[in-house]
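This report is meant for someone meeting the structure for the first time. Please look over the sequence and the model before reading on.

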Amino acid sequence: LNVGTVAIYGIEDRHSPHRWNADQTFLLPESGTPVGCYLNIAAIIKIAKDNNVDAIHPGYGFLAESAPFAQACKDAGIAFCGPNVKHHEI
């Protein structure tokens with residue numbers, strides 16, 4: 001597909017394998033808990049916009065089933081690789 005990949009990570013996951021397989025990686029701002037940084041919609045969208053990300057695959061859990069996250073992606077012009085906002089709200 002010739003598509004570059006970007007991964008985000010919290011400081012606790014700095015040695016996680018998903019970082020080494022991505023073309024670019026970005027550290028999320030700390031949030032007080034290891035999971036909290038992955039729930040920071042504004043920070044994730046900012047990283048995506050600042051780095052010309054075209055699409056976000058949310059993985060499993062965290063924001064994968066979040067209507068507000070899907071809406072934030074849509075509002076930012078970023079494709080959300082998952083159910084659309086309407087389906088999240090069902």
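This is a predicted model: local features need pLDDT of at least 70, side-chain atom pairs count only at pLDDT 80 or more; totals for chains, interfaces and linings use all residues.

In helix H2, the residues Ala43, Ile44, Ile45, Ile47 and Ala48 are buried. Beyond the end of H2 comes asparagine 52, whose phi is positive, near 55°.

Aspartate 50 forms the bridge with lysine 46, and the closest N and O atoms of the two are 2.6 Å apart. Side chains of opposite charge can pair when their charged atoms come close.

## The nonpolar core

The largest nonpolar core has 19 residues, and those touching the most other members are Leu28, Ile44, Ile45, Ile56, Phe69, Cys73 and Ile78. Both H2 and helix H3 (67-75) supply at least two residues of this core, while H2 gives the most to it, with 5 residues.

Which residues does leucine 28 contact, once its neighbours within four places in sequence are left aside? Leucine 28 is in contact with Ile8, Tyr9, Gly10, Cys37, Tyr38, Ala43, Ile44 and Ile47. Of these partners of leucine 28, Ala43, Ile44 and Ile47 are also among the buried residues of H2.

## The largest pocket

The largest pocket holds about 790 Å³ of space. It is lined by 28 residues, of which Val6, Ala7, Ala55, Ile56 and His57 are the closest to its centre. Strand S1 (6-9), H2 and strand S3 (55-56) are the elements that give two or more residues to the lining of this pocket.

How many disulfides does the model contain? The count comes to 0 disulfides. The sulfur of cysteine 37 is 16 Å from the closest cysteine sulfur, that of cysteine 73, which is too far for a bond because a disulfide needs the two sulfur atoms within 2.5 Å. Cysteine 81 is in no disulfide either, and the nearest cysteine sulfur to its own, again that of cysteine 73, is 8.8 Å away. Cysteine 37 is buried, with a relative accessible area of 3%, whereas cysteine 81 counts as partly exposed at 39% relative accessibility.

## Two glycines in loops

Glycine 77 lies in the loop between H3 and strand S4 (79-80), and glycine 59 has its place in the loop between S3 and H3. Glycine 77 and valine 53 are 24 residues apart in sequence, and their C-alpha atoms are 9.6 Å apart in space. The C-alpha atoms of glycine 59 and glycine 82, which are 23 residues apart along the chain, are separated by 9.1 Å.

| Residue | Relative accessible area | Class |
|---|---|---|
| Cysteine 37 | 3% | buried |
| Cysteine 81 | 39% | partly exposed |
| Glycine 59 | 26% | partly exposed |
| Glycine 77 | 64% | exposed |

Key
Residues are numbered from 1 along each chain as its sequence is written. Side-chain values use heavy atoms; hydrogens and water are left out. Buried means under 20% relative accessible area, exposed over 50%, partly exposed in between (1.4 Å probe, protein chains only). A salt bridge is a side-chain nitrogen of Lys or Arg within 4 Å of a carboxyl oxygen of Asp or Glu. A nonpolar core is a set of buried Ala, Val, Leu, Ile, Met, Phe, Trp, Tyr and Cys residues joined through side-chain atoms within 4.5 Å. Helices (H or I, at least four residues) and strands (E, at least two) are DSSP runs, numbered from the N terminus. Contact means heavy atoms within 4.5 Å. On a 1 Å grid over the protein atoms alone, a cavity is a set of points where a 1.4 Å probe fits but cannot get out, and a pocket is an open set with protein on both sides within 12 Å along at least five of seven lines; lining residues have an atom within 4 Å of a point. Grid points are joined across faces, edges and corners, and a volume is the space filled by probe spheres set on the points.
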